[in-house]
Amino acid sequence: MNPNCSKMRTSSFVQKKEKLGNNETLVFDFEGTLLRPNSLFPYFMLVAFEAGGILRSVILFLSYPLVWLVGEDQLGLNIMVFLCFFGIRKDTFRAGSAVLPKFFLEDIRGEGIEALMCYERKVATTQFPRIMVENFLKDYLGVEAVMAKELKCFSGFFMGVYENKNQNKVPSCEVNGGTTGKNINNSVDTVDRNHVEFIDQRQLHQESKEVCITDEKRNCDILSREKYPKPLIFHDGRLAFRPTLASSLVLFIWLPFGLFLCLLRFTIGITLPLNVSAPILAFTGTRTTFSRPQNTKSLIQNEEKEKGMLYVCNHKTLLDPLYVSIVLGKPLSTVTYSLSRLSETVSPIKTIRLTRDREKDREKMDKLLSLGNLVVCPEGTTCREPYLLRFSPLFAEITANIIPVAIDVKVSMFYGTTASGYKCLDPFFHFLNPNPTYTIKFLGMLPQSETCQGGGKSKIEVANFVQKEICKSLGFACTNLTRKDKYLVLAGNEGISPRNNCHH
């Protein structure tokens with residue numbers, strides 16, 4: 001261990017070093033050591049809302065007085081586990097890997113994580129069910145084993161209760177290729193036995209123990225994004241805020257008004273012309289800020305040119321092309337690989353579905369450009385965080401009249417994107433926010449020297465150049481990740497849904 005690393009100070013913090021040759025293993029309590037909030041309620045509310053829906057989250061909220069009365073440690077925790085997990089399909093539950101990591105990272109104490117990462121080998125104990133935290137602890141914190149309780153299942157559904165296993169014995173499990181069992185009474189006497197389930201015997205020796213327990217949390221600094229042990233690029237779920245008891249109350253009070261406002265905005269957007277709907281939408285609370293070069297004529301198709309302008313945007317929501325069209329004050333066309341039938345039907349601008357056949361898609365886009373201006377999002381999928389995915393280079397082959405467009409979106413309650421839900425609801429969730437904000441920056445015509453036709457650049461060079469220019473404008477970071485990477489992380493598939501292309 002690095003001798004310069006300071007000891008972690010926190011309530012109910014148990015630190016234990018175990019020597020394995022030249023290695024040291026830290027056994028720590030996840031909630032007490034790293035999480036700043038004292039209540040586990042927000043994390044269970046996230047599970048209830050994302051995995052069970054609005055009704056289940058309301059039931060959990062109304063049941064919290066009982067949970068508070070009996071305490072969150074034992075009976076109260078069991079109540080929350082039952083209300084959140086009973087009847088949920090095990091094979092479709094992905095909140096632990098796709099939703100919760102974002103909120104865990106935002107709630108981690110900076111001091112705690114710095115000290116924790118000084119250890120090469122780490123074992124975590126937790127009150128959460130294993131399925132809620134194991135992915136985060138292993139993927140982001142590099143934990144080798146998680147000591148947590150398993151949930152009982154029947155016919156593929158969670159029953160909302162823990163497995164009835166002998167609490168004095170740790171069943172056999174495999175860590176780093178080893179399979180052993182260990183008696184908790186003799187080896188983990190400093191860890192709350194109610195939170196212990198699995199551990200590798202090789203990591204738990206009696207020798208070289210050091211236990212450090214303090215009663216006070218100090219320096220509960222927020223962990224900045226730059227100090228995350230692993231970049232958070234992808235996450236899923238609809239809630240954009242941590243649902244504490246107070247914020248959950250605000251959510252449920254807002255929903256009836258929000259639903260009315262959402263339907264009003266949606267109706268205005270699809271029934272009125274763009275130049276009429278834009279100011280009305282602004283009156284209802286939507287915000288749109290934009291910046292354009294001084295020479296605005298270069299942004300619009302010149303009738304003397306054979307082709308229209310190609311607007312190349314990063315992708316934040318399904319509404320990106322619509323907002324670009326509103327800002328320009330002209331109807332545009334757009335292309336997409338997958339779009340729900342509902343969104344395609346009600347879209348105020350022309351939307352063409354691509355086939356993933358490069359030659360056919362190229363012909364379609366070329367034809368659309370000959371008829372007018374076109375908007376494309378070469379990332380192929382949305383990204384919520386300040387990162388840009390790899391740009392598909394297809395757009396660079398078609399024209400030299402390329403205008404990069406940098407887009408950012410801010411929401412306070414709901415994300416208007418999803419990887420595992422229904423894409424047809426994305427616009428509704430976006431407009432369900434009190435004040436959804438779009439920021440659009442037109443970066444000006446791409447220099448001809450940076451295009452395939454005018455500068456002899458390869459299509460990949462053009463795509464990378466456009467990606468870097470948009471990143472620079474937004475202060476984002478470029479990645480080489482793709483749509484496939486996103487869906488493998490968040491949905492466990494490659495993003496191609498058989499259900500009428502309802503996923504994006």
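How many nonpolar, polar and charged residues are there in the lining of the largest cavity? The lining divides into 28 nonpolar, 13 polar and 1 charged, where Ala, Val, Leu, Ile, Met, Phe, Trp, Tyr, Cys and Pro count as nonpolar, Asp, Glu, Lys and Arg as charged, and the others, Gly among them, as polar.

**Before you start**

This is a predicted model, in which local features need pLDDT of at least 70 and side-chain atom pairs count only at pLDDT 80 or more, while totals for chains, interfaces and linings use all residues. Residues are numbered from 1 along each chain as its sequence is written, and side-chain values use heavy atoms, with hydrogens and water left out.

**Whole chain**

Show the chain as a cartoon, which has 18 helices and 17 strands; these are DSSP runs numbered from the N terminus, helices being H or I with at least four residues and strands E with at least two. Of the 504 residues, 53% are buried, and here buried means under 20% relative accessible area, exposed over 50%, and partly exposed in between, with a 1.4 Å probe and protein chains only.

**The largest cavity**

Select L318, P321, T334, T336 and L339, which among the 42 lining residues lie nearest the centre of the largest cavity. Two or more lining residues come from each of α10 (245-271), α11 (274-283), α12 (320-328), β11, α13 (341-346) and α15 (426-431). The volume of this cavity is about 620 Å³, and a search of the whole structure finds 3 cavities of 30 Å³ or more. On a 1 Å grid over the protein atoms alone, a cavity is a set of points where a 1.4 Å probe fits but cannot get out, and lining residues have an atom within 4 Å of a point; points are joined across faces, edges and corners, and the volume is the space filled by probe spheres set on them.

**Strand β11**

Select residues 333-336 next, where S333 and V335 on one side and T334 and T336 on the other are all buried. In a regular strand the side chains alternate between the two faces of the sheet. Strand β11 pairs in the parallel sense with β12 (residues 350-353) over 4 bridges, and also in the parallel sense with β13 (residues 374-376) over 2 bridges; two strands pair if DSSP finds at least two bridges between them. To follow these pairings, select V335 with its bridge partner I352 in β12, then S333, which stands opposite L374 in β13. S333 counts as buried because its relative accessibility is 12%.

Now select F30, F44, F85 and F128, the residues with the most contacts inside the largest nonpolar core, which has 90 residues. Helix α2 (residues 41-52) gives the most to this core, with 8 residues. Another core, of 25 residues, lies apart from it and includes L368, F395, V462 and I470. A nonpolar core is a set of buried Ala, Val, Leu, Ile, Met, Phe, Trp, Tyr and Cys residues joined through side-chain atoms within 4.5 Å.

**Two last stops**

Select G96 in helix α5 (residues 95-98), which counts as buried because its relative accessibility is 2%. G96 and F136 are 40 residues apart in sequence, yet 7.3 Å apart in space, C-alpha to C-alpha.

Finally, select S155, in the loop between β5 (151-154) and β6 (157-162). Is S155 buried or exposed? At 58% relative accessibility, S155 counts as exposed, and its phi is near 55 degrees, a positive value in a residue other than glycine.

Notes: 1 Å grid on protein atoms, 1.4 Å probe; cavity = no way out; pocket = protein on both sides within 12 Å on 5 of 7 lines; lining within 4 Å.
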